[in-house]
Amino acid sequence: MMNFHSRDLNLARLCNEALDQPLTEAERKAMTAAAARKLEELFDILRIDHQNDHNTRETPQRVAKMYVEELLEGRFTAPPKITEFDNAQAYDQLIINGPIELRSMCAHHMMPIYGQAYIGILPAADGKIIGLSKYDRIVEYFASRLQIQEELVKQIGQYVMDMTAPRGLAVRISAVHMCKTQRGVRASHRSRMVNTYYWGEMASDAALKGEFLQECTALERT
C-alpha cells in the first residue's frame, strides 16, 4: 500500500487548489486509510474511545472517506467536462443562472459553508454557450475544497471565463458560515456573507451590474 507519510511534500497544494493530477483509485484508498489513522490518533488525544464505543467505533474511517470522496473531492478529481453549443442565433444578452446550491468547507475552522451561487453570462454573439447544468457542476467542483468565499467566487468565474470566453461574467455567492454560527459569536443562521465579482463588460457597465443584482434578488425571493 502506498505510504502517504513518506511522499514528497512538494506534491502538496494550497487548500483550495486541485492536485496536478487526479488521484487514482489506489491513491484514493491509500489517502483515506492514512487519514483514518491520523483521525484515530486525534480521537486518542481527545480521549474518545473509538474502539469500544459503539457510537464512534468506525467514525475515523467514515470521516476520512467523507473528506476524500465528498468534502474535498474537487481537489482530487478532474474538472467537469464542458458541453458546448453553437450560439446559432447570435444571442448577446444577459443570461442569469441560479440559485445554484453551494456547499463548501471553511479553510479557517473546517466548518460548513452553505448557500447559493448566481452566475450571469454575457455571451459573445460568435461564441459558445454551455449547458446550464454545467454551471452547477463547476460550482460544486470548486466548492468541494477548503475555501474562503472571497477566493471561491473568483475561482468559479475565472474557470468559466477561461473555458467559454464570454463578453462579460458575474458570479455572486450568498452563504452561511458555520464557523460563525456554531462557534465564536454563534450568530444567527440568518447571518450571511454576500460577495460578487465581475469580469469583462459586466465589470464596466453599471446598467448590466444593476440588472444582474436585481435578477439575483428576485431569484432569492422565489
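Select Arg186 to start: Arg186 sits in the loop that runs between helix H6 (178-181) and strand E7 (193-200). Helices (H or I, at least four residues) and strands (E, at least two) are DSSP runs, numbered from the N terminus. The model is predicted, so local features need pLDDT of at least 70 and side-chain atom pairs count only at pLDDT 80 or more, while totals for chains, interfaces and linings use all residues. Residues are numbered from 1 along each chain as its sequence is written, and side-chain values use heavy atoms, with hydrogens and water left out.

**Backbone exceptions**

Stay on Arg186 and check the backbone: phi is positive, about 50 degrees, although Arg186 is not a glycine. Arg186 is exposed, with a relative accessible area of 62%. Here buried means under 20% relative accessible area, exposed over 50%, and partly exposed in between (1.4 Å probe, protein chains only).

Next select Ala90, in the loop between E1 and E2. Ala90 is not a glycine either, and has a positive phi of about 55 degrees. Ala90 counts as partly exposed because its relative accessibility is 35%.

Move on to Gly98 and Pro99, which are joined by a cis peptide bond with omega of about -5 degrees. Pro99 belongs to strand E2. As background, most residues other than glycine have a negative phi, and most peptide bonds are trans.

**The whole chain**

Zoom out. The protein has 8 helices and 7 strands, and its C-alpha trace spans about 65 × 40 × 30 Å along the principal axes. Of the 222 residues, 40% are buried. Contact means heavy atoms within 4.5 Å. Among contacts between residues at least 6 apart in sequence, 69% join residues at least 24 apart.

**Helices H1 and H2**

Select H1 (residues 25-45) and H2 (residues 59-71), whose axes come within 8 Å and cross at roughly 135 degrees. That angle makes H1 oblique to H2. Axes are lines fitted to C-alpha atoms, for helices over the stretch in contact, and angles run from 0 to 180 degrees between N-to-C directions. Angles under 35 degrees count as roughly parallel, over 145 as roughly antiparallel, 65 to 115 as roughly perpendicular and the rest as oblique.

The crossing of H1 and H2 is right-handed. A crossing is left-handed if the near helix is turned anticlockwise from the far one by less than a right angle, and right-handed if clockwise.

To show the contact, display Arg28, Met31, Thr32, Ala35, Ala36, Leu39, Glu40 and Phe43 on H1, with Thr59, Pro60, Gln61, Val63, Ala64, Lys65, Val68 and Glu69 on H2. By class, the residues of this contact are 9 nonpolar, 3 polar and 4 charged. Ala, Val, Leu, Ile, Met, Phe, Trp, Tyr, Cys and Pro count as nonpolar, Asp, Glu, Lys and Arg as charged, and the others, Gly among them, as polar.

**Helices H4 and H5**

Now select H4 and H5, with axes that come within 10 Å and cross at roughly 135 degrees. H4 and H5 are therefore oblique to each other, and the crossing is right-handed. On H4 the contact residues are Tyr135, Ile138, Val139, Phe142 and Ala143, and on H5 they are Leu152, Gln155, Ile156, Tyr159 and Val160. This contact has 9 nonpolar, 1 polar and no charged residues.

**The cores**

Select Leu102, Ile119, Ile138, Ile156, Leu169 and Ile173, which touch the most other members of the largest nonpolar core, a set of 27 residues. E2 (95-106), E3 (112-122), H4 (132-143), H5 (149-164) and E6 (168-177) each supply at least two residues of this core. A nonpolar core is a set of buried Ala, Val, Leu, Ile, Met, Phe, Trp, Tyr and Cys residues joined through side-chain atoms within 4.5 Å.

Centre the view on Ile173. Beyond its neighbours within four places in sequence, Ile173 contacts Leu102, Gln116, Ala117, Gln149, Leu152, Val153, Ile156, Met193, Val194 and Asn195. A second, separate core has 9 residues, including Tyr118, Ala170, Tyr198 and Met202.

**Last stops**

Select Gly120 in strand E3. Gly120 is buried, with a relative accessible area of 0%. Apart from neighbours within four places in sequence, Gly120 is in contact with Leu94, Ile95, Ile96, Gly168, Leu169, Ala170 and Phe212.

Finish at Lys81, in the loop between helix H3 (73-76) and strand E1 (84-86). Lys81 counts as exposed, at 75% relative accessibility.
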